[in-house]
Amino acid sequence: MTGSTHLDPANWDGEVHYLPRPTGRSDMIANVQAYWLRQCLGKSFPTRADIDPLYLVAALPYLSLATIQPEPFRVQYRLVGSEVARFYGTEMRGKWVDEMTIWPAQDIVDTHDTYRRIFEQRVPNYGLSLIGWGEREDHVFEFARFPISEDGLNVTHCLGIDDFSMIEPPLGRAI
């Protein structure tokens, strides 16, 4: 992606660059997207019961499933893959995004924004995000977020995939 307009700082909102569709570089994102579409079963969104992460076994380490609380707006991680926890440096399952005290403030703001967009737009969201380790802040990974609804009207959950498979943190960051 070097030299790409994706890396132009003017195209980024904080540490996130939203895309209209996946880049096509991530098989994991393509597989999760296809699964989510199949699980919609003619509805706008699948329900939580329609989503079984075990059907996405190859992507499981990179998946997350979050509950979205509308008022006040908060996001709680319910399922967090081992690679997601490793790259973020902490176990996240059961925690609220705004309680992730080991994250920089900008990461909390940007992460909340990705979920708020899902809640408000009610459609899948795709993008690139920066993640840094130590002195380096230039690692870019691709992500996707997919809305889930228990009542068919309101977004109550989100299935996420963070494809970290092309980047690797330095020793010492993993939990």
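One cavity of 30 Å³ or more sits in the structure. A cavity here is a set of points on a 1 Å grid over the protein atoms alone, where a 1.4 Å probe fits but cannot get out. Its volume is the space filled by probe spheres set on the points, which are joined across faces, edges and corners. The largest cavity holds about 180 Å³. It is lined by 19 residues, and Y88, D107, T111, S129 and F141 are the closest to its centre. Lining means having an atom within 4 Å of a point.

Keep in mind that this is a predicted model: local features need pLDDT of at least 70, side-chain atom pairs count only at pLDDT 80 or more, and totals for chains, interfaces and linings use all residues. Numbering runs from 1 along each chain as its sequence is written, and side-chain values use heavy atoms, with hydrogens and water left out.

Which elements build the lining? At least two residues each come from α2 (82–88), α3 (105–121), β4 (125–133) and β5 (136–148). α3 gives the most, five residues. These are DSSP runs, helices H or I of at least four residues and strands E of at least two, numbered from the N terminus.

Now the fold. There are three helices and six strands, in the order β-α-β-β-α-α-β-β-β.

How values were computed
On a 1 Å grid over the protein atoms alone, a cavity is a set of points where a 1.4 Å probe fits but cannot get out, and a pocket is an open set with protein on both sides within 12 Å along at least five of seven lines; lining residues have an atom within 4 Å of a point.
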